[in-house]
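Trainee: Please take a close look at one part of this model for me: a pocket and the elements around it. I would like to follow it from its lining out into the fold.

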Amino acid sequence: MSTCKSLMLGAMLLCAAAGASAAQTFPAAPVRIVVSTPPGGASDTSARVIAEGLSSLWKQPVVVENKTGASGTIGAAAVARAPADGYTVFFGTGSTHVVAPLMLPDTPYDPERDFTPLAIVGYAPFVLFARSDLPANTLQELVAYAKAQKSDLNFGTSGPATIYEVAALLLEREGRLKLNHIPYKGLAPMAMDVAAGRVDLGVGPIDGYLKNDKLKVLAVLGNERVASLPDVPSSAEAGYPGFAVPVWAAIWGPPGLPAPVAAALEHGLLQVLGESQVQGKIAATGVFVQAADGRALRGLVRRDLTALKEFGASQARAAR
């Protein structure tokens with residue numbers, strides 16, 4: 001064997017040994033989970049529950065850091081640029097990895113190329129709700145009522161390039177409607193205006209404020225009903241199977257994570273997400289744990305990017 005080949009083989013063996021050693025000792029320092037939303041919301045609370053579980057499992061501190069702004073892309077971009085050592089991961093959603101990349105032309109990362117998918121956390125069903133005096137109690141009645149009006153119904157969103165705007169666009173597409181989009185700086189003020197009758201419609205996660213008697217829920221967005229709203233049909237049941245938004249949460253690492261480190265992170269996350277106590281705490285935020293591995297997450301992102309690519313194209317046309 002030539003000296004060159006011997007050196008190459010030696011280097012490969014050293015790299016393999018280093019990777020195996022890294023997996024055996026990981027984590028040997030505190031791990032940081034970056035969240036792109038402010039403290040107190042569903043993503044932040046869920047990430048803190050997971051951090052607590054990982055810290056107990058690994059006997060290492062696991063801390064949550066909030067990096068907000070730009071439709072969640074600031075936090076995501078920070079992790080995309082982080083060292084590929086496994087000590088910084090990202091708790092993101094369909095908003096950061098599907099909606100923003102499609103609808104914001106200057107998104108500073110590629111949602112597939114610039115991350116290592118680690119685990120799906122779960123899903124957060126959205127509901128379509130309306131002001132209490134709107135003369136429609138189901139999705140079918142809403143579509144019929146909207147088509148009969150001489151002016152467009154108002155649809156509140158929590159801002160452009162968000163899951164909420166995608167929901168409005170999907171309703172327009174599926175119902176063949178035209179809606180007047182009204183952006184807000186958050187879900188709570190938008191829901192308050194719907195309850196006050198200043199806005200006709202909105203969407204949001206299943207939450208306590210939706211029990212407000214000045215709001216009525218017309219449909220659960222997706223294929224299935226949810227246990228907490230057993231009498232509310234899904235949008236698929238109502239005849240609109242395409243009216244579903246990418247409302248899921250997941251965890252990624254930076255690009256180029258060594259396979260043993262990625263495997264250690266994935267194993268730890270799935271172990272913690274499999275605990276009933278963790279699932280209960282996360283479910284209280286409106287996120288229902290349906291954990292899956294990094295391979296499943298990669299497929300989920302690709303599927304939703306493909307399903308919603310028309311919105312990226314429409315945004316590009318509008319910008320020209």
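**The second largest pocket and its surroundings**

Mentor: Happy to! Two or more residues in the lining of the second largest pocket come from each of α6, β9 (215-221), β11 (288-293) and α10 (294-307). Helices (H or I, at least four residues) and strands (E, at least two) are DSSP runs, numbered from the N terminus. Please keep in mind that this is a predicted model: local features need pLDDT of at least 70, side-chain atom pairs count only at pLDDT 80 or more, and totals for chains, interfaces and linings use all residues. Residues are numbered from 1 along each chain as its sequence is written, and side-chain values use heavy atoms, with hydrogens and water left out.

This pocket holds about 670 Å³. On a 1 Å grid over the protein atoms alone, a pocket is an open set of points with protein on both sides within 12 Å along at least five of seven lines, whereas a cavity is a set where a 1.4 Å probe fits but cannot get out; lining residues have an atom within 4 Å of a point. Grid points are joined across faces, edges and corners, and the volume is the space filled by probe spheres set on the points.

In total, 24 residues line the second largest pocket, and Y123, L221, G222, N223 and V245 lie nearest its centre. By class, 15 of the lining residues are nonpolar, four are polar and five are charged. Here Ala, Val, Leu, Ile, Met, Phe, Trp, Tyr, Cys and Pro count as nonpolar, Asp, Glu, Lys and Arg as charged, and the others, Gly among them, as polar. The biggest contribution to this lining comes from α10, with three residues.

On the α4 side H97, V98 and L102 take part, meeting V301, D304 and L305 of α10, where contact means heavy atoms within 4.5 Å. Four residues of this contact are nonpolar, one is polar and one is charged.

Next comes β11. It belongs to an open, mixed sheet of six strands, in the order β2-β1-β3-β10-β4-β11. Both β11 and β2 (62-66) are edge strands with a single partner each, so one side of each has no neighbour in the sheet. Two strands pair if DSSP finds at least two bridges between them. From one strand to the next, the twist averages 25°.

Strand β9 takes us to the other sheet, an open one of five strands with mixed pairing and the order β7-β6-β8-β5-β9. Its edge strands, β9 and β7 (179-183), each pair on one side only. Direction ignored, neighbouring strands here are turned by 30° against each other on average. Helix α7 packs on this sheet and touches β5 (126-131), β6, β8 and β9; its direction makes about 135° with that of β8. Within the sheet, β6 (153-157) and β8 (201-205) pair in the parallel sense over two bridges, with G156 standing opposite G202.

The largest pocket, of about 980 Å³, is lined by 36 residues, and T37, S43, T93, S158 and Y164 lie nearest its centre. Among the elements that give two or more residues to the lining of that pocket are α6 (163-175), α4 (94-103) and α7 (187-195). The lining of the largest pocket divides into 17 nonpolar, 18 polar and one charged residue.

Notes: Axes fitted to C-alpha atoms, helices over the stretch in contact; angles between N-to-C directions.
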